[in-house]
Every structure is written in structure tokens, then in C-alpha cells.
Amino acid sequence: MTSPGTTTPLRHDRQLWLLSAIFLLLQALLLITWGAHYVPLGAFTPVVNFGIAIIKTLLVAIFFMQLRAESGLVRAAAGLGGLWLLILFTLLLADYLTR
Amino acid sequence: MSTTASPPLGRRLDTRAAAAGRNYLNESTSLRSWLLTTDHKRIAWLYLASITFFFFIGSLAALLIRLELITPAGDLVDSDTYNKLFSLHGIIMVWFFLVPSIPTTLGNFLLPLMIGARDVAFPRLNLLSWYIYTLGGLFTLTATLAGGVDTGWTFYTPYSSMFSNTAVVMAATGVFVVGFSSILTGLNFMVTVHKLRAPGLTWFRLPIMVWTLYATSLIMVLATPVLSISLLLIVLERVFGIGIFDPALGGDPLLFQHLFWFYSHPAVYIMILPGMGVVSEIIPCFARRPLFGYRAVALASLGIALFGFLVWGHHMFVSGQSLYAGAVFSLFSFLVAVPSAIKVFNWTATLYQGRIHLTGPMLYALSFVGLFTLGGLTGLFLATLALDVHLHDTYFVTAHFHYIMVGGMVTAYFGGLQFWWPKMTGRMYSEIWAVIAAITLFIGFNLTFFPQYLLGIAGMPRRYHSYPEAFQLLHVASSAGAVLLAVGYLLPAIYLPASLRWGRRVDNPWGALGLEWTAADTPPIKHNFHQTPVVTGPPYGYRNDAEPA
Amino acid sequence: MSPQAGVTIQTQFETAAQQREADQLGMWLFLATEALLFGGIFAGYLGYRVLHPETFAAAAAHMKVGLGTLNTAVLLTSSLTVALAHHLVQQGRRRATLVLLGATIALGCAFLAIKALEYTLEFREGLMPLPGLEFRYDGPPPGQMFFNLYYTMTGLHALHLTVAVVMMAVIFVLVWRWRTPDRQARQVEMAGLYWHFVDIVWLFVYPALYLV
Amino acid sequence: MTAASSFLRDAPIEHVIVPPQASELAARYDGLLAILTVICGAVLLLITVLIVVQAVRFRARGGGPRGYDRLRARHWWVEAAWTLPTLIIFLGFFAGGLALYLAAFEPTQAPALTINVIGKQWMWKAEHPNGAREINELHVPAGVDVQLRLTSQDVIHSFFVPALRVKRDVLPGRYTTLGFNATRPGIYSLFCAEYCGTDHSRMRGRVVVLEEAAYADWLSRQDAAATPAAAGAVLFRSLGCSGCHAGDGPVAAPSLAGVYGRRVPLADGRFVLADEAYLRDSILLPRKHVVAGFAPVMPSYAGQVDEAELLHLIAYLQSLGAPTGPAAGPAPEEVAP
């Protein structure tokens, strides 16, 4: 947990560097998704698209939203939404894909 | 909790509260101090007032429905009125009574007391929840009374989105708004349980009531938003014609059912879990035995909350859902029934070698076990794929969920209210009348709803305004029971308020051992405890060798 | 009591750390709720895409992929500025925080402006299924369903972003006043979490609607 | 509404609780129901007796110290002892229900007779293969595998015949099927089981099961205007379908001869079974499945044909035999009965 005055200048620089690096990585991933749109990948298009979206989400959550510095409890709360979405999508598709 | 010997029942203690003179009720008395309170105990009272109001509106609609069904011809009210009545009954009872009742009244009052906290984690959010609930509820009530809504509480599309010409938009908006109250309460409770437990109060020292409230909150937080979005889609459809459920655009009417039941099946567990919590407190107290299989019951609560999300498709076995999906949902439905069965067995085993006091609350609790068992067992019929084909959308379903929700949840709610009434008010209600009311409720309930199982097997569909004459006999029996049931509900509405004036002052009339009884004054002071309690042992330290009163 | 000056601990909490953790947990649970709210409509999208794969792909060809991509870049940038603002406000660097919050608000507004431009273009092409307006799309009806989902999903997202922008504006003022720096740090953090969440929703809206 | 009520004729119901067993399924159904009732009844009885007996045996005023609590001593064994049998019994219920459900909803052999049923607010309209139509009544032969092809013109309805132990939701925009083999001639109740608006409770009627000969006799006495296939053939021409699909039009369109029940190659390389749903989609949403080798130029007929006409068109397409030539199906006149 960070509170004012406890962060050292070194840590400060590293944090800035880290955030900027993550930002560049995110933009690079965006370019890849965009580029993939013009390449016919067939059935893999959604896999690539949503795979990259999930990677981007993890990056934003872990680094920008500081999940890496949070307690296990908060991480669990963050994972909760994802897990329940998985339940919703899986069982819904269980109907639509086998109808 | 750390107490070793339990005081005998009925011991009249010189109230510490009276000695101190100050408690959360008399600390300030202006209307403003009530309407702007952030004290969880006062908010519980605010909820109790609102919920009682909605409960009697909903009950009135039920009574009219039963009166109408005495004759097969449908001659008391016309079919549109009848449809509006059962929609009103369903909407009010589900969203403004069953879902919020125990969590927001007993839960609000007890949760911080049971975990040794001074309040919930977000007291102002708690008050906001009440305002959202009450204003949203009144808005919906206005819609259902003034314009009327005839979609049933299920709002099935495309009837609700394209065909009904009633006040669907207003009603759906109201339910949408009230959803936020539910979400905020759940969120508040979850954070409270995680962050505000007293020193020494580990998870496996929590009373089952707290476990069930936690499980309930989890469902509220994760299921309610899906209902919100599906209602929002109906509203958008009716206002802007966005046609998400329009078959002409390739829309699938079943999509709404999927989203709706993703909320509404877990919502059934929102309704019943806190009832299970209440019963798990009452039975050990009056059997003077620790709850049998504490860990099993605690974990079963979480199991129900999780598995409750995997079963929603059992409402759709004949709806045109894929057969394979149906099979999966059926399997999970049986699995979710296992933890419920475990609970029933554990409650029964708690009685063994006990010293059983058949007080009013205990009668309610034992009624709960019996009625919930029958309701749960008939749920197995409906989870069985082939049997559901015939029973789906018949009175069998109506009977089944009324056994769970009315026989189960409402009975637990009444029992809990009376069990903790002395704690909430510092006054004892009339026990004789409580026993009479509990017995009346039990008989009236069975007379009302058991015939409906038979009607369902005979093939009588739900939501029928008129029906073939052959079904009349059972309908008349059911309606007669409803009158008795109404008496059972009205009695507590008389003797509980009366006790505020004439009831004797008590501290812990049951010799109960929860933290709320042993560590706080009766009624509690503003921030609950004079000093933060420290917990050293497991809950339910009752002993059956205590001397009788 | 906490050694940190300026943090008011509410009655129900014992320590500032406990209070902060409670806030943090509450916010994340709220985000889980929000995730399920969007999840409901994404589930609808998913079901319909399985039912009508070709018509959805055909309708998605009418999306302005360039604008959508630009908007994604804008939102990702705003996430960076929020994360930096959170970092700097903890250092007590008020001026830098204000600059970054201002940039965040500006980027949020830029996103909404680009979205509005997109809506305008679609309105001109007659691709907006409003009552009383002619819907000019010659594909089969599920294509119209695609547009309906598009407007609902992006509209709901834009609504959330608008709320986030307003929230940021309020916090901008609070940081400007700088009455209780510790509280302001918490406020930036909480509003930041919400902002990132809205960003994440878009990360899924973008491939779902533009890159079918 | 008054029109609807004039159709209201309830079947005579003589049973009190359990409806008559009018199909093979019904007997198996009642068997399963009986098994569950007995087992669940026993459990309920057990719990009730345990509560009542213990409430008396261990009553507070019973005095004296209590005995040794054997249950608590081996507490986890006890938990396991009631959890495992419960689970096994539940899985048994699941398996029994699944087997019967699949038998009812996925019949192995092809139906001998398919009747179209359209639900609308608030009546049932049935059309027999020879064109005989009826409202709120359905005549079926006994001992024949009957299949109902169900669809709705407006909201969701549900076709429910208690005596046959069958129920199936009737959805707008989709075909659902309901198969049964009635064994006992008689008159049975037909209900709409899914709430569908104002007169939901009046959307009920009768299913009349007749001996096969009596059914044939009944059919012959109905004044059938035209068979669904013939009506479809007329529509096929009047809507202009024949212009392209009969091969002599300006645009190349796939031949429809023998299309029903065939696996059709699609433009994207997949195959799709040409069943009712496929044909329906092809008429209303023609670009959902584009047949390989053809341009996606067919306009949608949504809004131009109602549910009954759609069923006629499908009946016509179904009646087309195997293709006689590479691209030309038989002319409509040739298939008229």
C-alpha cells in the first residue's frame, strides 16, 4: 500500500517508467488487433480479437489499476466479475451452440 | 460466544439498558433523526416499515386472486384485472418483499451486532439504499395500481416488449431502480463481513446467519445487474423500438428468459438463504444444543450461492432451449439441492439430545423445516427433465415456490422477527399469541398450497383467470386456506406493535448466546457496544444440562 | 488512531488502513456489478452473433473502423494519464496531478466527440433505427439487430464515460482546492478505478462491434 | 374476444387428480412420478417424524440429564452418511428424467403424420396434411406417431395436453415440434400453458383422439379447400419465387427440388440441413445462409407472408420430389394433387 511520503524517488521513477512501458505495449496490441482486421484469419478472427482484448484488460487491471499491489481479497473481488461472466457466457452458449 | 453456561430460558434480567437509560431508540426522537439516520439499527426499522407496507399490498392482491378463483367462470373481476392482480402480486412480493425482507430488516439490524462492529462499512450508502428502495417501490406501485401491468412478474418477451399495452415501462423502470438498492446492500454487507469483524472472530466462528447473509449479498451483487440490463432492454424496446427481442429482426425470445433467470433463479436463493440463517439461529437456541454440523451448514450456504448460478435453464425445459443445455441445467439443479438437503438433516440432528422449548419462534422455525423440505422435494420433481414437461407452468410450480418462499422464507421471517423482537425493542411480545399465530400460519398455509400440488398434477395451468369446472373443489379448498393464512399474518401485525406499549421489559428472554445478545445492551446503544467485544470461541455454545427455568 | 494527519476515520472503522481496504473492496465489488451489467448485453450480442454470423459480419462492414480504433487509442491514453495522476497525487504533486486530470477529462471529451461524429455519420447514412426515421439498410433484418446492439452497447458505454468525465471534473476541483491531500489522493484513486473500468469495457466493445 | 369465447369448449374431465393416460409416454411418465412421490414422501415423513418425536422426547420439561450424543461424536461420518445417498438418489432421478425426456423430445423414427399448429392470441389453429383446418380442436388418430409443427403468430404460447403428458412452448419466429403417440381414443383437454395476455385462460380446447379409421372418416368429411402443399404451390408462383427458382428467370437461383431434408452447401464452405427452420430463414432472412455458387440477391419476404402461408410454402417445398433435371424443379402444376 502506498501512502504519501513513503515512496522513494527511485521507486517513483520506476513507476513512471513502468506505466509508460505498459502504455506503449497497450498501443502496440491495439495496432496488432487493427492490423489483424485486414488479414483474413477466418474462424480465428474472434479468437485473436478477444484474446488481445483480454490481454489488454489484464494489463490495465494489474498495472494501471494497481492490482499487483493489492491484497488477495481485492484481487479475488476483481476476479469475481470475470468468473461470473464466464458462467453466464458458457451456459448461454451451451444453449445457442447446441440448439 | 465465549460464555460457557447458557442461562435458562425465560430468566428475567434486570435490564442493563434501563440502568443506562440510553439506547439507539430514545437517543433522539425527531422525525428528522430517523429519516437522516445512518445507524444500521434505525435503517432496519425504516425498512421494516416499508416492507410491511408492501407485504400487505401484495397480500391483498393474493386474497383477491384467491377469491376470484373460487368459481371457475371468472366472474369476480374481468380477465384484464385478474392479470394485473397476479402481476402486481408477483412484482410486489418478489422485489419489494421476498428479496429485501430478511437482509434489510433483520440483516441490517443484526449483521454489525453479530460480528461485533459499530456499524456497517458504508452507513450512508445503507441509508441511500433505503431511499432507493422506498421511492422505487412507490413508483412501481403507482404504475401497477394506476395503469396496471399485465405481464406477470416475469416480463416475458415478446409479450412485455411488443404486445402488452399496459404500464410496463414504468413498472420495469421501478424494478430497475430498486435493483440498485439490492446491489448496494449486498456490497455493503460483503465489505462489512470482510473488514469489520471483531478481534478473534474468524470465519468459522461466525453465526450461520452471517454466512447466509454473506452468500445472499454475493448473489445480489453479481446477479442483480443482469436483471437490470434485461429490464433496461425491455424499456428501450418499448420507448425506442430497438427490437433486441423482436423475432422479425432475428431476435430470440429465449434470450430474455436466459438473462431474466440468470438473475431470478439465484434470486430464489437471495430469498431463502437468509431464512435458513434465521432458522439456524433459532433452533440451537431453543434446543439448547450447538448447531449440528456447523461447518457443513456454513459451507453449504456458499455452495448454494455458487451452484445457484448454474441452474437457471431449468425454467426453460419446454421453452425450446437446446436439449443438451436442458440436460446440463437439470444436472446442476440436482447438485444445488444437495446442500439444501444437508441443511435440513443438520437442523433435524440438532434437536437430538436437546432440551427443546416450543416457543413461538421455535414453532416458526420447525414449520420452516417441514415446509421447506416439502417445497424442496417437489423442486426435485421439477428438476427432473421429463416430469417438468407436464408440471411446468402448472399449479404444481405455483405450489412448489410458495412452499419455499411463503412456507419457508416468510415463516422464517416471522420467526426471526419475533426471536429478535426483544433485542430490537427491549420488550417481550405475547408468547401465547405467537404460538397461536404460528400454528394458524402452518395450517392455513398447507390448506392453501397443498391442493395446488394436486391441481398441478391434474394439469391446471398457472395464471388462469377461468378454468374447467373439474378443478373447482381444490380451488375452493385453497381459497379457504388463504383466509386462514391471512389471519395468521394479521395476528403478529397486532400483538407485535401492542407489545411496544404493554410488553414487559426484557434483556435476553431466551438466554441466547449470540454476540448480539451477550455483548450488547437491550436495546443496543447507538454504536452497539460499550467496548469492542473479543471473541474466543465458536458460536452456539448452548448446553442441554442447564437448569430449567 | 492513524499516524497520518488529515485522514478522518469514520466511527465504524478502527484504523485508516482498515478504512482504505474497505473502500477498495467496495469499489471493486461495484465494478464487478458493473461488469455483469455490461455482461448481460454482451451475452445477448454473443447469442445473436452465434445465430446470425454472416449477417452480423455484413452489417459490421458499415462500421467506421478507423474512428473506432482512434477512439480505443484515445481511451488507452486517458487510462495512462489517470494512472499517472494517481501516482503523482500520492507524491503530493498537486500541479502535475491537475495537468494529468485535465488531460484525462480532455481525452474523455475527445472520445465522446469522436463517438458523436460517428453517430452523425451513421445518422446521415440512415443507419439509425429510430422511430419515425427511415432505416436505410439493404441487408437482411438481423443486420438491423446488429445496429440496435451497436447503439445500445456504445450508448450505455458513452453514458458511463460521461459519468466518469463528470466525476473527474469534480475531483479536478477538489484537487485544485487541495484541502485534505490524503483524501484527494483516495478520491483520485477511486475515480481512477472507475475510469479504467470504463476503458476496459471499450476494449471489448471495439472488437465485438468493429472487428467482426 | 367474443369470437374467441365462442370457441371455448372444455373437454369433459372426469379424473380428480391424475389425468388419464392417453399415450404410451403417459404410462412411463406416471411410473417416474410415482417413484419420485414415494421416495420424496418417505423422506418428508422421516423428517416430520424425527422433528415431532424429538420435540416430545427431548422436551425441556422432560427433566433429567440427557444421554450421550452419539451423532456428534462421529460428526463427519454422519454428514457423509446422509450426503452420499442423497447425491446418488438425486443422480438417479436425473438419469431417469433425462432418458424419458429424450425419448419424448427426440423421437427416433420419423413421424407418420405431421400437423401444423399455429398459436395466436387467443386460439389454436391446426391444419391437417389434406388441408382440413380446425380451431381450438385437434383431431388425431390413435396408434400413429403424430408430430405437431408448432409456431406462433405473436407472443409465446405453450401447447399442453395433460392426458398425453406433453407440453411444448410455441415461439414466434421459430418452429418447435411435439411428438406423441396417442393410445386411447377419447376427448382430452388442451391448454395454453404460457401466459399470453388478456384471454390466456380462454386459450384452451380439446384434443380428440380417434381410431385410425374414424380419423380418416373425419378427415374426409372436412371441406378442405386445398392441401397445404397445393396452397404453397399457388403462393410459390404468385410471390414470384418460381421466376428464379424454377430456372427460367433472369437470375440464377438454386433448384428447390428435393431440397427438404438435404444437406445444402453454403457459400462459406459449411453445410446446413435444409429443415423447416432453414427454409423459413431462407424465405424471411435470405442472406443468413447463402447457397454455394449463388449470389446473395434474393429479397426478404418478411412481412409479405404470414405464418400459415409460410407453412404452406414449406409444405410445397417438402412435396417436391428428387430433382428431375440439373436446375429445374417440377412446375407447380405438376405437383398439385
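Predicted model: local features only at pLDDT ≥ 70, side-chain atom pairs only at ≥ 80, totals over all residues.
Student: Let's begin with chain C. What is its secondary structure made of?
Tutor: Chain C has six helices and zero strands. Following the sequence, the pattern reads α-α-α-α-α-α. The C-alpha trace of this chain spans about 70 × 30 × 30 Å along its principal axes.

Student: How much of chain C counts as buried?
Tutor: Of its 212 residues, 64% count as buried. The accessible surface of chain C is about 7,300 Å², and 66% of that belongs to carbon and sulfur atoms.

Student: How do you know how far apart the mean positions of the positive and negative charges of chain C are?
Tutor: Lys and Arg count as positive, Asp and Glu as negative. For chain C that gives 13 positive and 13 negative charges, and their mean positions are 12 Å apart.

Student: What makes C:R20 and A:E70 a salt bridge?
Tutor: The cut-off is a side-chain nitrogen of Lys or Arg within 4 Å of a carboxyl oxygen of Asp or Glu. The closest N and O atoms of C:R20 and A:E70 are 3.3 Å apart, so the pair meets the cut-off of 4 Å. This pair crosses between chains: C:R20 is in helix α1 of chain C, while A:E70 is in the loop between α2 and α3 of chain A. Both residues are buried. A network of salt bridges links A:E70, C:R20, C:D23, C:R186 and C:E189.

Student: Why is the pair B:R462 and B:D393 called a salt bridge?
Tutor: Here the N to O distance is 3.7 Å, so this pair also falls within 4 Å. The two residues link distant parts of the chain, 69 residues apart: B:R462 is in the loop between α16 and α17 of chain B, and B:D393 is in the loop between α14 and α15.

Student: Why is B:R462 called buried?
Tutor: Buried means under 20% relative accessible area. B:R462 has 15% relative accessibility, so the residue counts as buried.

Student: What about D:D10 and D:R204: how do you know whether each is buried or partly exposed?
Tutor: D:D10 has 29% relative accessibility, so D:D10 counts as partly exposed. D:R204 has a relative accessible area of 3%, so D:R204 is buried. The side chains of D:D10 and D:R204 meet in a salt bridge at 2.7 Å, N to O. They link distant parts of the chain, 194 residues apart, with D:D10 in the loop between α1 and α2 of chain D and D:R204 in the loop between β9 and β10.

Student: How many salt bridges does the structure hold over all chains?
Tutor: There are 22 salt bridges over all chains.

Student: What makes helix α8 of chain D mostly covered?
Tutor: Eight of its nine residues, in the stretch 276-284, are buried. Among them are D:Y278, D:L279 and D:I283. The cover includes α5 of chain C, together with β5, β11, β12 and α9 of chain D.

Student: Why is D:I156 called buried?
Tutor: The value for D:I156 is 3% relative accessibility, so this residue counts as buried. D:I156 sits in the loop between β5 and β6 of chain D. Residues it touches include B:T157, B:P158, B:P253 and B:Q257 of chain B, and D:D169 and D:Y195 of chain D.

Student: Why is B:V177 called partly exposed?
Tutor: B:V177 has a relative accessible area of 31%, so the label is partly exposed. This residue lies in helix α8 of chain B. B:V177 touches B:I132 and B:G136, not counting residues up to four places away in sequence. B:V177 and B:G136 are 41 residues apart in sequence, and 5.7 Å apart in space, C-alpha to C-alpha.

Student: Which residues form a nonpolar patch on the surface?
Tutor: B:L64, B:L67, B:I70, B:L76 and B:V476 form it, with about 380 Å² of accessible area together. One of these, B:I70, is in the loop between α3 and α4 of chain B. At 30% relative accessibility, B:I70 therefore counts as partly exposed.

Definitions and conventions
Residues numbered from 1 in each chain as written. Chains lettered and ligands numbered in written order. Heavy atoms only, no water. Patch = residues over 30% accessible without salt bridge, like charges linked within 9 Å, V, L, I, M, F, W, Y side chains within 5 Å. Areas by Shrake-Rupley, 256 points an atom, 1.4 Å probe, with all protein chains shown as cover. Helix = DSSP H or I, 4+ residues; strand = E, 2+ residues; numbered from the N terminus. Buried < 20%, exposed > 50% of the residue type's maximum accessible area, 1.4 Å probe, protein only. Charge placed at Lys NZ, Arg CZ, Asp CG, Glu CD. Contact = heavy atoms within 4.5 Å.
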